[in-house]
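The points can be read alongside the model.

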Amino acid sequence: MTQKPYKLVQIDEVRWEIPRTGKMRVPGLIYTDARTLPDIEKDESADQVYNVAQLPGIVGRSLAMPDVHWGYGFPIGGVAAFDEHEGVVSPGGVGYDINCGVRIALTGLNKESLYPRIRPLIDSFFAKVPSGVGSRGGIRLNKSELSKVLKAGAAWAVSQGMGEESDLDRIEAGGALQGADPSVVSDRAFERGKDQLGTLGSGNHFLEIGFIEKIFDEDTAAQWGIVQDQVTVMVHSGSRGLGYQVCDDFLARMVKSVAAEGIELPDRQLACTRLHTPLAREYLGAMAAAANFAFANRQILMHLARTTWEKSLGISPRELQFRLLYDVCHNVAKFEMHTLNGQKRRVMVHRKGATRAFPKNHPELSEVYRSTGQPVLIPGDMGRASYILAGQEGAMNETFGSACHGAGRILSRHEALRQTKGRSIERELQDQNVYPRWVGRKTLREEFPHAYKDVSIVVDVVQRAGLARKVARIRPMGVVKG
DNA sequence: ATGTAC
């Protein structure tokens, strides 16, 4: 085993530091505990935290959440903020799936009444929601109409009758990032996106029905309208081929610009550009456009779920009481105000596989969540659980207002297939009262529950670190996987 | 994550 160029030093029960050394500009900090530390030591995610700490203009620390795992350049589960003058923006710090994210809707149903009808419900979702790699058949748009989507985000879907105006207060950034510029989105990206709006995608993207299995914070749950045994709907999807193409386009350009800007990189995958360059402005404009496509996509998918539900089970809107709880980004970069050493600064926060976790009274939160902190939505795996958390002050002090985003993979897709050879994951899930429908031949085995860390441990670390608090736990009942 | 390689 080769010696690492850095040390991993335990600070307390949930914090491990990479002290500044070599070309690091800031220290690294990984949130984990003794249970998840071995998973982190197994892959290269700590190396990636160390690499990110070397980028120009990085401030605070190079951070990793307990669900961290290896990613393209930056680790998935990573958070990094950059000074607005000296810093950079990096497509690898956002990820290929720009504004991959998740939303949860609550209903007026309870688990007992739904369990007998879960199969026809999931079957009808499977029939109506386009899923899988390259899925089309969502909404077809011409270039000028798609440009409107890229500017308006979720509000475009609402303007088409898909959802309600009040949904927008329940979406991060109101369902649209500012500064979206369709003119810097390539023709190829437009081409890939034009018939993919309202499609789920593949991999770990899903549409899941579950119920509130446990409430941890009675007051917050009551304020948010969450009750024991209540049926929930969760959508996990992103910007599809359009966002992928935006990332690809700008990575190619930045790989070339890095040398000219005099930026030295420990890894080519960290390609980036200084924030004051025209290229940065273009990337941020294209990234915001792709993020808005993803906001619109989740708004449409949720509307599709609602209308399919009402039709297939013949249930009235009054009985279903379908309403959006919240929608969060898991992959995005944004200018935000943060306090560093007592000084307020505008920084470019990269969250890649990390969720914003703003606490109560944060000025960016809509009125709806001003008194509680924002909902922080954490999907787990298909078989065990997902969590609804609330942002806490500790996140503002330590992580640029961020928390974890999920369970975090521990097995590669290849390794997951190897370990599930000859097993029926469908039957195993059904034995746990989870009814799955899926598209790809290998999807279910690649995504089987133990390909992921235990989300309960991940969330426990986040709570003990003071980044977010547990509000409720969801148990899955049925799922559509792409 | 991804028309899983243009």
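1. The model is predicted. The UniProt record, an unreviewed entry, places an "active site" at His405. Histidine 405 sits in the loop that runs between strand E17 (402–403) and helix H13 (413–419).

2. Histidine 405 has a relative accessible area of 15% and is therefore buried, as buried means under 20%. Beyond residues up to four places away in sequence, histidine 405 touches Asp67, His330 and Thr355, among others. With aspartate 67, the side chain of histidine 405 forms a polar contact of 2.5 Å.

3. Aspartate 97 is in the loop between strands E6 (88–89) and E7 (101–110), and histidine 205 is in the loop between helix H7 (187–193) and strand E8 (206–215).

4. The side chains of aspartate 97 and histidine 205 make a polar contact of 3.1 Å. A polar side-chain atom of histidine 205 also lies 3.2 Å from the backbone oxygen of leucine 200. Histidine 205 counts as buried, at 7% relative accessibility.

5. Helices H5 (residues 143–152) and H10 (residues 278–312) pack with their axes 6 Å apart, at an angle of about 95°, so they are roughly perpendicular. Residues in this contact include Leu146 and Val149 from H5, and Ala288 and Phe293 from H10. The contact residues divide into 7 nonpolar, 1 polar and 1 charged.

How values were computed: Residues numbered from 1 in each chain as written. Chains lettered and ligands numbered in written order. Predicted model: local features only at pLDDT ≥ 70, side-chain atom pairs only at ≥ 80, totals over all residues. Heavy atoms only, no water. UniProt positions renumbered as here; feature names shortened; annotations may be inferred. Helix = DSSP H or I, 4+ residues; strand = E, 2+ residues; numbered from the N terminus. Buried < 20%, exposed > 50% of the residue type's maximum accessible area, 1.4 Å probe, protein only. Contact = heavy atoms within 4.5 Å. Polar contact = N/O pair within 3.5 Å; in protein donor to acceptor, adjacent residues only side chain to side chain. Axes fitted to C-alpha atoms, helices over the stretch in contact; angles between N-to-C directions. Parallel < 35°, antiparallel > 145°, perpendicular 65-115°, else oblique. Nonpolar A, V, L, I, M, F, W, Y, C, P; charged D, E, K, R; others polar.
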